[in-house]
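Please look through the briefing below, which is meant for a reader who is meeting this structure for the first time.

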Amino acid sequence: PARRAGTTRTTLTHCPYCSLQCGMEVTAGDRPATLVPADFPTNRGGLCSKGWSSTELLDHPERLLRPLVRSIPGDRTSPLVEATWDDALGRLVDAIERTQRVHGRDAVGCFGGGSLTNEQAYQFGKFARVALRTSAIDYNGRFCMSSAAGAANRAFGLDRGMPFPLADIAAADVVVLVGSNPADTMPPAMQYFDAGRERGAQHVVVDPRRTATARSAALHLQPLPGTDLALANGLLHIALAEGLVDEAYVAARTSGFDEVRAGVAAYWPDRVERLTGVPVADQRRTVFALARAERAIVLTARGAEQHRSGTDTAQAYINLALALGLPGRPGSGWGTVTGQGNGQGGREHGQKADQLPGYRSLRDPAARAHVAAVWGIDPDDLPAPGRSAFELLDALGTDGGVRTLLVLASNVAVSAPDARRVIRRLGDLDFLAVSDFFLSETAELADVVLPSAMWAEEDGTMTNVEGRVIRRRRSLDPPPGVPDDLQLLATLADRLGAGQHFSGDPETVFEELRRASAGGVADYSGISYRRIDDEQGVFWPCPDTPDGTAHPGTPRLFAERFATPDGRARFVRVEHVDAHERPDDEYPYVLTTGRVLAQYQSGTQTRRTRSLQMVAPTPRAELHPDLARRLGIGPDDVVELTTRRGRARFHALVTDAIRPDVVFVPFHWGGGSSANALTDADALDPTSKMPAFKVCAVAVARVEGP
Ligand code: SF4
């Protein structure tokens with residue numbers, strides 16, 4: 001149990017895990033840290049099992065408390081041994097300087113994560129561009145939110161996961177959820193759906209699995225993975241054929257509809273049924289429910305977005321929402337359900353390969369000049385955009401690729417697609433440094449491992465699923481000598497001779513972030529720590545006002561205009577493209593991946609949480625009884641799944657909740673049960689560079705033994 005010297009105090013902070021960012025009160029000091037849920041607007045007193053158990057890890061026996069280095073420098077077969085900070089940072093700085101001297105600045109890279117605070121994400125992007133002057137930085141949100149972000153930017157000129165508050169879900173008469181399972185991934189959010197249902201609202205869930213969320217819905221559509229775009233175009237086809245399109249809204253607030261109108265003409269309902277497996281009657285019920293509702297919301301998530309055409313798929317659902325006149329109306333619109341705790345803020349402040357703080361483009365001369373002025377550097381010294389996450393990882397150790405890599409808050413050896421290929425690439429590096437609280441599968445491969453403070457031990461801000469900027473508050477001190485990533489970056493910058501540009505103090509960094517974001521799309525300049533405290537979070541955009549009056553923040557976007565130059569939302573014609581891999585004789589089934597309630601992301605934390613491990617100790621492959629019977633597989637048998645990338649073993653979970661042609665595995669584990677050892681990384685979405693986590697071809701066989 002977490003126990004630190006000092007006076008016991010209770011602090012309002014937020015869960016370390018998903019993007020709902022449930023409020024919780026943590027009590028810590030001279031007794032073990034405990035928590036109770038807070039009556040915060042996101043969770044209204046609710047927490048899921050992950051949140052409830054989150055203090056278990058603060059004093060976990062496997063927690064890293066001192067840096068680790070290889071006993072023989074440069075030899076990754078030698079054991080990791082404890083070292084001083086001076087030794088560990090010295091090795092990292094030597095590697096950075098040596099690599100850049102021999103191979104150039106871009107040969108040193110940075111890889112971040114969507115769990116970093118806004119301040120840490122901002123500082124990491126600045127560290128790459130100012131202290132390292134490298135273009136090589138990206139983050140794991142590229143594997144999560146990037147398709148929806150690409151579509152929202154294209155259609156609305158702005159990407160904020162949900163452009164409306166969570167409370168709008170409760171106010172909507174119809175909600176269509178595509179590839180999202182909040183009942184398992186963020187259970188307290190279900191209270192918004194439940195409140196709607198109690199008023200008589202109808203919910204439609206689109207998912208190849210009959211999940212807990214699907215079971216609570218009025219209608220469940222069960223498409224073949226990778227066909228969500230065809231379904232959306234088919235729904236719009238029906239809306240047009242039945243005269244359900246809001247022509248006045250389309251004329252007044254959008255552009256480009258004629259081309260979309262022509263494009264969806266080819267998506268006849270029976271053709272869509274053949275492509276997706278969704279019956280025509282269910283397609284029609286969905287469209288009529290959406291079109292006749294006073295208030296209606298369409299939400300997409302990873303099930304629809306993690307595809308080679310993920311951006312276009314999200315766009316197809318935006319097209320549908322626009323045609324029905326939803327975005328910008330209260331209780332209505334399109335949104336995406338973010339995954340990671342700071343998946344939203346993580347992509348706004350400059351740790352993406354092509355972006356600067358304020359969601360500014362690194363290609364925009366005015367944006368470069370603005371941010372360079374805040375940073376006190378010459379705009380010409382800012383690097384060009386670099387490679388996206390998987391492209392960066394796939395080029396590790398190559399000529400022109402990164403040769404020394406610093407990883408913060410990410411476990412790519414488990415979470416990246418085609419994970420064994422990524423592990424091989426990590427092995428090709430000259431030097432790998434990882435900052436984490438535990439020896440993750442990625443940290444195990446490192447030359448230097450740097451321990452970092454955990455959520456309850458640090459201050460900063462996070463931006464949640466609805467664009468609400470909230471405060472993570474320090475509830476207890478970190479173990480002696482363990483810094484948070486903000487302090488780590490400031491110290492490293494100092495050793496690299498750029499210390500004057502960096503601070504380890506969160507509020508100082510936030511004040512700079514405000515200035516860097518001013519005038520950008522994600523404008524935080526009117527937000528302060530005090531306002532967040534007083535107002536239970538502030539929604540961006542929230543610009544600083546010239547007359548000093550407080551801007552109220554923007555819970556609901558697009559009421560008057562969209563963030564495009566002409567104020568109109570853009571329809572974009574998009575076409576169904578079949579998945580990169582479809583079943584054949586050798587790999588006859590479709591593999592899809594996702595999450596389970598008691599685990600989180602790559603499992604670095606939740607697999608070490610005793611109470612969660614008791615619920616979900618091992619990953620299970622879900623198979624339909626028909627498929628199990630055909631292959632002679634019984635409940636709990638061990639099955640081996642094989643794809644063109646590799647093999648992995650799981651215990652079978654035979655359930656009629658899944659399509660007979662689809663196998664599902666959760667991705668929270670590595671090693672011999674690594675779902676991502678199987679996934680396809682060879683077909684990235686052209687806009688977002690999202691890999692196709694959600695569909696590839698797989699063979700299934702029962703095997704003996706573990
Ligand atoms: Fe934490 Fe998300 Fe669970 Fe809330 S729903 S307790 S934020 S994991």
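Strand β4 (residues 68–70) is joined to β5 by three bridges, and the two run antiparallel; strands are DSSP runs (E, at least two residues) and helices likewise (H or I, at least four), numbered from the N terminus. Within this pairing, Val-69 stands opposite Val-81 in β5. This is a predicted model, in which local features need pLDDT of at least 70, side-chain atom pairs count only at pLDDT 80 or more, and totals for chains, interfaces and linings use all residues. Residues are numbered from 1 along each chain as its sequence is written.

**The sheet**
- Seven strands form an open sheet of mixed pairing, in the order β5-β4-β18-β17-β16-β6-β7, where two strands pair if DSSP finds at least two bridges between them.
- Because β5 (80–82) and β7 (137–139) stand at the edges with a single partner strand each, one side of each is left without a neighbour in the sheet.

**Helices on the sheet**
- Helix α2 (residues 85–103) packs on the sheet and touches β4, β6 (108–112), β16 (404–408), β17 (431–436) and β18 (448–451), a contact being two residues whose C-beta atoms, placed from the backbone, lie within 7 Å.
- Helix α3 (residues 118–132) lies across β6, β7 and β16.

**Domains**
- The domain assignment, which is automatic or from a database, gives domain 1 (9–57), domain 2 (68–143 + 342–463 + 483–539), domain 3 (146–336) and domain 4 (589–703).
- The C-alpha centres of domain 1 and domain 2 lie 27 Å apart, and 11 residues of domain 1 are in contact with seven residues of domain 2.

How values were computed:
Axes are lines fitted to C-alpha atoms, for helices over the stretch in contact, and angles run from 0 to 180 degrees between N-to-C directions.
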